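Please have the sequence and the model open side by side. The paragraphs below go through the chains, their confidence, their cores and the contact between them.

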Amino acid sequence: MTIDVNQVIRLYVPGLCIALAIGGLVVQSRKIGEAEERHAKAQKFLSDAIVERDQVLQNPAQKRYAAAEQQPFEESEFIKDIRRRAGGQGATIVKWTAGEAAAPRTYANPDGKAETSSETEADPALANITTVASQLTVSGNYDSLRRFLGDLVSADRLYTINNVNWNRADDATELSFSLTRYTSTASAPGAAAQEAERLLN
Amino acid sequence: MRQLEPSYIGIDLHDSEIRVVQVRNKSGVPKVLRVATAPMPPAAMVHGVVHQPAVIALAVRRLIQDCDTSIPARAVIGITGSRTILRALSVPPCPEPELPSLVNGEVEYQQVIPDGGMYGFVRLHRGAEATASEDINVAVLGVDGSVVNDLREIAEGAAIPIEALEPCQLGTYRAFAATQDEAASSLLLLVSADSTDLVLAHDGKLCFYRRIDVGSSALLLEASDRDIPWADGAANSSEPEFRPAAAFADSPSAVRFATEVMRTMEYLAREYPEFSGVDRVRIAVDSPALSPLGDMVSFYLGIPVELVQPSGVETATEAVKIDLEGPNGTRYLTALGLALQASPGPATHAPKMDLSRERKDVNPIVEFLKAHRGPVLASGGALFVGACAFLLFGSRLAAIEKRTASVYAQTTAVRGQTVAALEEQARRAKQYRMLSKEGVPITFILDDLARSLTPGVGVSTLAVSPDLRVSVTGDAANEASMIGTFESLKTSPLLKGLSISSFDRGREKTSKGITFQFSGSTLSLDQIKIRPLAQADVPSETTTL
């Protein structure tokens, strides 16, 4: 069998080149199609992640928080909040005395044994927390005082009540208690937040 | 100003004679202006070898001066057959443009032409039955470089520019093609001084080429040794019966000549059946004395052999016409063919050759590209388009991949934000859970206390210390109501270790009842499941302490 070189050059070589070109284009087209599919899938992942993030941010599992951010007008905002709550429930603030800011106290069990576990003292979650106690005396009838206390304990911001003294008199009932609030300095973002910030930048 | 079209002077050099024919092309028709001969200077040329080019140049110059010099002239000088190299070659089938490169390769491979030599080739066609897969036969005609140099020197000395240097055989064939009616198949015998070329022409195309080493020199030499009846006959019209065969009857060269022609005919009939109709044999001789040779060959072959005459071309004058048609007309056959090289007309399809020009080095790549321009362009175009599209597609692919990577990075960042938000929320929840331990459940204690009061019992003070100690004081109408309140209060899950610390009826008669004090402890807030606000924080209207 002899090979006709001219026929090879005239027909097969151009055919091979055209086939190569078409084959290359087909391969590239397929790659582009696959890349676009991956891109669409990535877009879907991104939109899902954004929805998930927004849900987490807009609908947190718990709205209540322990500490407000320590700002210059934090104390005045706190007093305004207390006055608004007392006025709303018909109670009258008779006396308010500011206390010293301190670190969170250790918790005392009913049996008097202080819990000094690391959860309270050494937990980094409380690293930036400052306890601010104040002494409050309010007067009013039982219902207004009760609603005022209920309003305080059900507030989104955590107020803890201690050292309660309830005195009933003939004309009015007086309630004095220690009201503790918590403030926090801005904490360093976590590792996940740092990585997210880096990626977004 | 219109430039005059040049005339062409065919120069045929023989050992004994220089022959020139001047032709001018006017309105597409060649016209012979002048024919002339001059004796070759003694010893200037021997057996086709130029020994004194300057002398020959002078003779040629004088001869040309007899021509029409009013118009510019260019010379086509013939190379005598004895100085040309003939080689038949076969090359693989290929397109026509590629043929020169293949022939060149074969010529170089077989070293057909000595270094510095020139060559040309003539394609030998096959009949209609030939297939495309058959090899291509070519007749290569070459010449040594010294021959070219000699002829160039002659032209330079004669002060005439060279149009071409061409083998005399091709000039003779062209004269045959221009002046004769070409038969379907003709075997042409081109007799030159030292050899004879046998050419088979079919429909104007050369199909077979062979050279035998019997030429006019040997034939004339042997014929001159005996009584030549044709010579007497030609000179003396009283000779009634002209028997030309007798002139060469005993000539070994003539016999060999006829035998070779006969063998060639047999070979053609055997090997080229498609040319079975070789019905005519023509003979072109370079000397009038060889005119009877055709009859002698005809005697051997048994078919007519016609003498080619340089007739049939337009002439400028009657004298020229007579010179061409007369007994000596065959002398100008080759010179006429050489002069017709650049002429239009019936001889245009006859092969042309110019061995004066330097042989160009054939660039195989260039030749290949020329020969396969279409496939190369198609292939290159396809590859170019494919490469461009490949790059464009690749660029687009890279852009998509980059965008995808960016989207993945954004996704990772957003998920990082989600994780950070969840971590922050978890941290806040933990803070809340831990710090809520610091409070006391005062609202629940108040509610339980209010629910536990029995009629006749009132609470005066309620104290809850930071260590969750609870103290309740009040007054009761009687001990039973106090105890009822105590027992009811005892069921409160918020109060632990509740006890009656004291009760006092009082010593004064004015006292209405007894005072009492309950003591115990309570739970921290984180140990209590807080009820919904509507139930826990809104006391009933009837509740009083």
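Of the 545 residues of chain B, 42% count as buried; a residue is buried if 20 or more other C-beta atoms lie within 10 Å of its own, exposed if 12 or fewer, and partly exposed in between, with C-beta atoms placed from the backbone. This is a predicted model, in which local features need pLDDT of at least 70 and side-chain atom pairs count only at pLDDT 80 or more, while totals for chains, interfaces and linings use all residues. Residues are numbered from 1 along each chain as its sequence is written, and chains are lettered from A and ligands numbered from 1 in the order in which they are written.

Chain B has 16 helices and 20 strands. Helices (H or I, at least four residues) and strands (E, at least two) are DSSP runs, numbered from the N terminus. Among contacts in chain B between residues at least 6 apart in sequence, 70% join residues at least 24 apart; two residues are in contact if their C-beta atoms, placed from the backbone, lie within 7 Å. Chain A has five helices and seven strands, and these follow the pattern α-β-α-β-β-β-α-β-α-β-β-α along the sequence. Buried residues make up 22% of the 201 residues in chain A. Of the chain A contacts with a separation of 6 or more, 71% are between residues 24 or more positions apart.

Confidence comes next. It is given as pLDDT, the predictor's confidence in each residue, from 0 to 100. Chain B has a mean pLDDT of 81, and 84% of its residues reach 70 or more. For chain A the mean is 81, with 79% of its residues at 70 or more. Within chain A, confidence is lowest in strand 3, at a mean of 41, and highest in helix 2 (residues 74–89), at 92. Over residues 106–120 of chain A pLDDT stays under 50, and the model has 26 contacts beyond four places in sequence for them. In chain B, pLDDT stays under 50 over residues 230–242, which have seven contacts beyond four places in sequence, and over residues 532–545, which have 21 such contacts. The model scores ipTM 0.78 and pTM 0.50.

Which residues have the most contacts inside the largest nonpolar core? They are Leu189(B), Val199(B), Ile283(B), Ala284(B) and Ala339(B), in a core of 103 residues. A nonpolar core is a set of buried Ala, Val, Leu, Ile, Met, Phe, Trp, Tyr and Cys residues joined through C-beta atoms within 7 Å. The largest share of this core, seven residues, comes from helix 4 (residues 168–179) of chain B. A second, separate core of 48 residues includes Val138(A), Phe177(A), Leu435(B) and Phe486(B). In soluble globular proteins, nonpolar side chains tend to be buried together. Beyond its neighbours within four places in sequence, Ala339(B) is in contact with residues including Tyr8(B), Ile9(B), Val21(B), Val23(B) and Val76(B).

Helix 3 (residues 145–157) of chain B can be followed in more detail. This helix has 13 residues and reaches 18 Å from its first C-alpha to its last, close to the 18 Å expected at 1.5 Å a residue; the expected span is 1.5 Å times one less than the number of residues. Its buried residues are Val147(B), Val148(B), Asp150(B), Leu151(B), Ile154(B) and Ala155(B). Helix 3 of chain B is followed by Ala159(B), whose phi is positive, near 60 degrees.

Gly204(B) is in the loop between strand 12 (196–202) and strand 13 (205–212) of chain B. Gly204(B) counts as partly exposed because 14 other C-beta atoms are within 10 Å. Ala480(B), by contrast, is in helix 15 (residues 479–490) of chain B, and counts as exposed because 11 other C-beta atoms are within 10 Å.

Finally, the two chains meet: 77 residues of chain A are in contact with 77 residues of chain B. On the side of chain A that touches chain B, the largest share, 29 residues, comes from helix 1 of chain A. The residues on this side divide into 43 nonpolar, 18 polar and 16 charged. Here Ala, Val, Leu, Ile, Met, Phe, Trp, Tyr, Cys and Pro count as nonpolar, Asp, Glu, Lys and Arg as charged, and the others, Gly among them, as polar.
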